[in-house]
Amino acid sequence: MKPLMLRKIRSLTMLALISTAFALTLLPVLSLIGTVVYNGMSVVFRNFPGIFFDIPAAPGSSEVGGIGPHLLGTMLLVALAMAIGTPISILAAVFTAEAIKSWERNLGRLTRLLTHMMIEFPTIVVGLAVYGLMTTLAPYIRALIPGFRPFSLLSGVIALIMVSAPYMYAQVEDGLKSIPQHIREAVYSLGAGRVLTSYVLLRYLKSTVYAAISISLARMISETAALFFTAFGSNVYPPLDSNLLFRPVGSLTLAVYTLGLSGYENWVELSWAASFILLMLCLALFALSKVVIRGE
Amino acid sequence: MDSVVQIRDLWVSIGGRSILRGVNLEIPRNVVFAIMGPSGSGKSTLLRSLNRILDLYEGVSVKGQILIDGVDVYNSKTDPSEVRRLVGMVFQIPNPIPNMSIYDNVALGPRINKLVRSRWELDNLVRWALEKAYLWDEVKDRLHLPASKLSGGQQQRLCIARALAMKPKVLLMDEPTSNLDPVASAKIEELIVELKRDVTVVLVTHNSFQASRVSDYVAFMYDGQILEVGPTGQIFTRPKNKLTEKYITGRFG
């Protein structure tokens, strides 16, 4: 055979192999999105807008109802966890990356070691640990707040922070570490103290910070295992009173699991609807983070 | 003589290794003062000790005294930020904040130190600094573009403008032309000579020819000590020290 011929065959074989690999990667992603959209979207549209506000209909009935409590639960959990977790993660990252004195550097190294370890914890164990902690503390907390239960919004928020904060910390810290030393020195040399310097450096890193926040948001929205023992789940709206923090709440992810395994046809439909809403939220956040990074 | 910087018996060690070993130096006002010497002689460390950027490094110990415009730099009651306000610094690598606009880079110092009370005052200060750094005409129509859009030489002049906008008493320059091409370097050298009307320039260079071209006084550093110091003309024509002579004639360094 002529060498040219041989080369063409080799090139075509490679092309075929790469195309197959590409298709194999794309297949699961598309089939996942396809299944969820196929099963979920119609439920959402048939029951619009009640799906976002109603509680689930009685199991086995011909009505579907809605996943209002779960949507509200997810919003409460994520909003509170972000509001508390974001400043903690960013401040810890700044403290680690901008340490000067040797005790600060050592404490920073320890913080980094421990948080990197926390990233590897199975989230179900995090949930269990928070449940254990809350159960132990419950008698004391009840002395102040009589209605307190270990299965509560508060426990859910703590679990979400423990799952998500280490990621945000690691991303922001890596970002700060990657800033060349001469840029940092330039800001210091203009007479900025450490707080101002860190502020200028975080502004310089703003695309990293935004990306870290949106990825954290997506992780929190889609977190399930850590919520089993903490937020616990609920199919009804919690009373919006001062005890809101201390009662169980539902979440979209818990709805997917519990309603989906219930075996009742109308609840399984709700489970698909919850999956669809979750997927859309996560895709939207993913797209948003890409746009933000491209904008830089 | 009216000295703006006085260094008395300065000893600096980093991580247990001694870098500066008993440096004494007086730097007069409104001159270009060059510190030259081979690499590793401690020039950059000396410069970084003046504005306490050394504080940012791990395991640094400083002994001795530095006075800048009457401020006792290493006194425990002195706030490092107060020192850095008196002293501008230009680095070896042009280091504007790349995604910040040209305007904001220059405005950074005045904003940090709250030097201005109105936008109008800030505009004027930014313009003044950019004009001093010979950059205004090149950037006046694109002040709001990110600094990364400028060429290397322009970025270095932007850094000079950024330092000048703080109205410092002393401007430290750490080999400011070593990463630039000859044309850009020549522009910076021209600028350095002009700057001494407004500030005292302390220029660290490993290039003895540059020192001879731009400076009024020169100190020759070797192995953590000042071997010889004096008016540039005198050092380059009648050096007293054998090592200085070898260095300026290009036989080592």
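These legends walk through close-up views of a predicted model, from its confidence scores to its helices, interface and sheet. Residues are numbered from 1 along each chain as its sequence is written, while chains are lettered from A and ligands numbered from 1 in the order in which they are written. Because the model is predicted, local features need pLDDT of at least 70 and side-chain atom pairs count only at pLDDT 80 or more, whereas totals for chains, interfaces and linings use all residues.

View 1. The model scores ipTM 0.93 and pTM 0.88.

**View 2. Helices H3 and H11 of chain A.** Helices (H or I, at least four residues) and strands (E, at least two) are DSSP runs, numbered from the N terminus. Here H3(A), residues 68–97, packs against H11(A), residues 252–261, at an angle of about 140°, with the axes 7 Å apart. Axes are lines fitted to C-alpha atoms, for helices over the stretch in contact, and angles run from 0 to 180 degrees between N-to-C directions. The two helices are therefore oblique to each other (angles under 35 degrees count as roughly parallel, over 145 as roughly antiparallel, 65 to 115 as roughly perpendicular and the rest as oblique). His70(A), Leu71(A) and Thr74(A) of H3(A) meet Leu252(A), Leu254(A) and Ala255(A) of H11(A); contact requires C-beta atoms, placed from the backbone, to lie within 7 Å.

**View 3. Where chain A touches chain B.** Contacts link 16 residues of chain A with 19 residues of chain B. On the chain A side, H4 (102–119), H7 (181–189) and H8 (194–204) each supply at least two residues, and the largest share, six residues, comes from H7(A).

**View 4. The open sheet of chain B.** Six strands line up as E6-E7-E8-E3-E9-E10, with mixed pairing; strands pair if DSSP finds at least two bridges between them. E6 (87–90) and E10 (225–231) of chain B stand at the edges with a single partner strand each, so one side of each has no neighbour in the sheet. From one strand to the next, the twist averages 15°.

**View 5. Strand E6 of chain B and the helices over the sheet.** E6(B) runs parallel to E7(B), residues 170–174, and four bridges join them. Val87(B) stands opposite Val170(B) in E7(B). H6(B), residues 152–164, lies across E6 and E7 of chain B at about 170° to E6(B). H7(B), residues 182–195, lies across E3 (32–36), E7 and E8 (200–205) of chain B, running at about 145° to E8(B).

Definitions and conventions. Contact = placed C-beta atoms within 7 Å.
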